[in-house]
Amino acid sequence: MEDLPGIKSLFSLPQNVVILSHRNPDGDAVGSSIALQLYLIRKGHKVHVIFPSEYPVNFTWMPLADEIVIYDLMPGRAKELIQVASVICCLDFNSLDRIDKMGDLVRESPARKIMIDHHIDPEPFCDFVISAPEASATGELIYDMILALDDQKYIYPDLAECVYTGILTDTGNFSYNISPAIMRKSAHLLELGVDNNKIQELVYNNLPEKQLRLLGYCLYHRMELLPEYQAGLIFLSKEDYSKFSIVRGDTEGIVNYLLMLKSVNIAALITDQNGIIKFSFRSKGDISVQALARENFNGGGHKNASGGYQHTSLKEAIEKFKQVLPKYAQPVSSFNILN
Ligand code: 5GP
Ligand code: MN
């Protein structure tokens with residue numbers, strides 16, 4: 001956190017702040033953005049949150065969530081807010097292509113820019129950077145920053161619950177990417193007033209019926225196993241999207257089911273979202289889907305959870321995945337030895 005003194009002095013004067021996070025925002029994107037927003041409002045700043053695309057309905061309960069500006073729905077408003085901002089905070093992403101058309105607006109803006117993120121290899125477009133790939137969630141970094149600034153008094157239960165949600169969703173409900181430190185911090189968040197049962201109900205036990213039926217459909221009709229590579233994939237076509245009226249968030253978590261198979265170490269969800277093919281990758285242990293996504297699918301993320309995209313047919317996308325798979329379907333350590 002060597003840039004913390006710079007961030008502290010920036011916020012010693014009232015600022016007009018815009019907080020941005022990545023397209024298809026997940027629990028950590030929404031939770032960390034709103035946590036930072038609540039903190040900065042309590043410190044006397046004017047703050048707006050903008051996302052490129054809509055966020056899943058199971059995060060609408062967060063405070064101020066209904067005031068989030070969605071670029072896809074209100075591009076003019078989003079543009080105006082970015083243009084008048086004195087500080088732009090980029091949360092849970094580290095390259096401008098993750099915020100679509102807003103990338104150019106951010107690049108051209110004279111505002112001071114802060115990145116707070118936990119993905120590998122940050123792009124150098126910010127004045128101040130808190131980048132910690134070892135962190136479990138960007139929400140964790142917001143918590144760390146507030147404590148490092150000696151401002152724990154601003155962490156009311158509502159803010160703590162947003163941070164906690166970011167941690168929950170980025171660790172698969174504390175099942176991966178955890179550390180002794182994150183468990184201690186989570187315990188502290190409970191002490192600060194987080195109601196775990198309430199958050200579990202809101203975030204997880206909140207599915208619309210069609211989402212559960214979609215999961216069943218994916219597992220029964222759309223799952224293919226590739227035993228020679230300890231891999232599996234699930235695909236969804238354009239027709240599937242209209243048949244189930246799939247909207248953002250409905251496919252969340254489906255890719256993880258593949259990893260429940262003992263025989264699967266590497267998993268992909270490949271979806272045809274109207275001309276753009278989206279990939280969601282997951283892996284176990286030392287297998288890096290970050291490398292797979294970065295080197296082949298215009299993407300990136302974390303070692304065990306990454307994503308990417310390409311503009312081809314669904315069939316070509318599935319073939320490409322199968323074609324590149326052999327190179328990655330082995331632990332990084334043995335891969336290094338072999339190459
Ligand atoms: P998910 O599969 O849940 O959409 O994303 C898993 C991880 O991969 C997240 O950390 C997300 O930030 C990252 N990710 C997803 N899609 C992309 C992408 O198109 N580009 C990059 N660089 N990262 C992605
Ligand atoms: Mn995250």
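**Ground rules.** The model is predicted, so local features need pLDDT of at least 70 and side-chain atom pairs count only at pLDDT 80 or more, while totals for chains, interfaces and linings use all residues. Residues are numbered from 1 along each chain as its sequence is written, chains are lettered from A and ligands numbered from 1 in the order in which they are written, and side-chain values use heavy atoms, with hydrogens and water left out.

**Exercise 1. Describe the site of the manganese ion (ligand 2).**

Step 1: Count as donors the N, O and S atoms within 2.8 Å of the metal (3.2 Å for Na, K and Ca); water is not among the atoms, so sites may look incomplete.
Step 2: Asp-28 (OD), Asp-92 (OD), His-118 (NE2) and Asp-170 (OD) coordinate the ion at 2.2 to 2.4 Å.
Step 3: Along the sequence, these donor residues follow the spacing D-x63-D-x25-H-x51-D.
Step 4: His-118 sits in the loop between β5 (112-117) and β6 (128-131), and Asp-170 in helix α6 (residues 157-170), so this pair ties together parts 52 residues apart in sequence. Helices here are DSSP runs (H or I, at least four residues), as are strands (E, at least two), numbered from the N terminus.
Step 5: His-118 is buried at 1%, and Asp-170 is buried at 14%.

**Exercise 2. Decide how helix α5 (residues 138-148) is covered.**

Step 1: Nine of the eleven residues in α5 are buried, so the helix is mostly covered.
Step 2: The buried residues include Thr-138, Leu-141, Tyr-143 and Ile-146.
Step 3: Just after α5, Asp-150 takes a positive phi of about 65°.

**Exercise 3. Find where Asn-274 and Asn-298 lie, and give their phi.**

Step 1: Asn-274 has a positive phi near 60°. Asn-274 lies in the loop between β9 (266-273) and β10 (276-283), and is exposed at 70%.
Step 2: Asn-298 has a positive phi of about 55°. Asn-298 belongs to the loop between α12 (289-296) and β11 (300-301), and is partly exposed at 45%.

**Exercise 4. Locate Ser-237 and relate this residue to His-188.**

Step 1: Ser-237 is in the loop between β8 (231-236) and α10 (238-243).
Step 2: With a relative accessible area of 11%, Ser-237 is buried.
Step 3: Ser-237 and His-188 are 49 residues apart in sequence, and their C-alpha atoms are 44 Å apart in space.

How values were computed:
Buried means under 20% relative accessible area, exposed over 50%, partly exposed in between (1.4 Å probe, protein chains only).
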